[in-house]
Amino acid sequence: MSKTYIPANLRSLVYERAKATCEYCLIPEIISFSPHQIVHIIAEKHAGATNQYNLALACMICNKYKGSDIRHYTDLNI
Ligand SMILES: [Zn+2]
């Protein structure tokens with residue numbers, strides 16, 4: 001969950017850019033079980049900015065899977 005207040009106009013910009021679709025898995029919000037969320041791509045705890053370039057619309061599943069940490073290739077053992 002975001003600690004920073006995201007202004008309504010910025011939320012609208014991200015929502016409209018994504019066309020109400022999760023920007024990770026592309027599931028439309030209309031067929032999702034819960035409303036999509038505006039999330040930071042790079043988490044705030046890693047100094048991710050609150051701007052249109054670092055915000056994405058995500059479904060609840062993608063947001064939970066993504067978490068707040070930056071994943072590295074070394075985490076994937078490949
Ligand atoms: Zn998703």
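Here, buried means under 20% relative accessible area, exposed over 50%, and partly exposed in between, with a 1.4 Å probe and protein chains only. The model is predicted, so local features need pLDDT of at least 70 and side-chain atom pairs count only at pLDDT 80 or more, while totals for chains, interfaces and linings use all residues. Residues are numbered from 1 along each chain as its sequence is written, and side-chain values use heavy atoms, with hydrogens and water left out.

| Residue | Relative accessibility | Class |
|---|---|---|
| Cys22 | 0% | buried |
| Cys25 | 40% | partly exposed |
| Tyr53 | 68% | exposed |

Tyr53 lies in the loop that runs between strand E1 (37-40) and strand E2 (55-58), strands being DSSP runs of at least two residues (E) and helices runs of at least four (H or I), numbered from the N terminus. From C-alpha to C-alpha, Tyr53 is 8.5 Å from Ile41, although the two are 12 residues apart in sequence.

The zinc ion is coordinated at 2.3 Å by the SG atoms of Cys22, Cys25, Cys59 and Cys62, where donors are N, O and S atoms within 2.8 Å of the metal (3.2 Å for Na, K and Ca), and sites may look incomplete since water is not among the atoms. Along the chain these donors follow the spacing C-x2-C-x33-C-x2-C.
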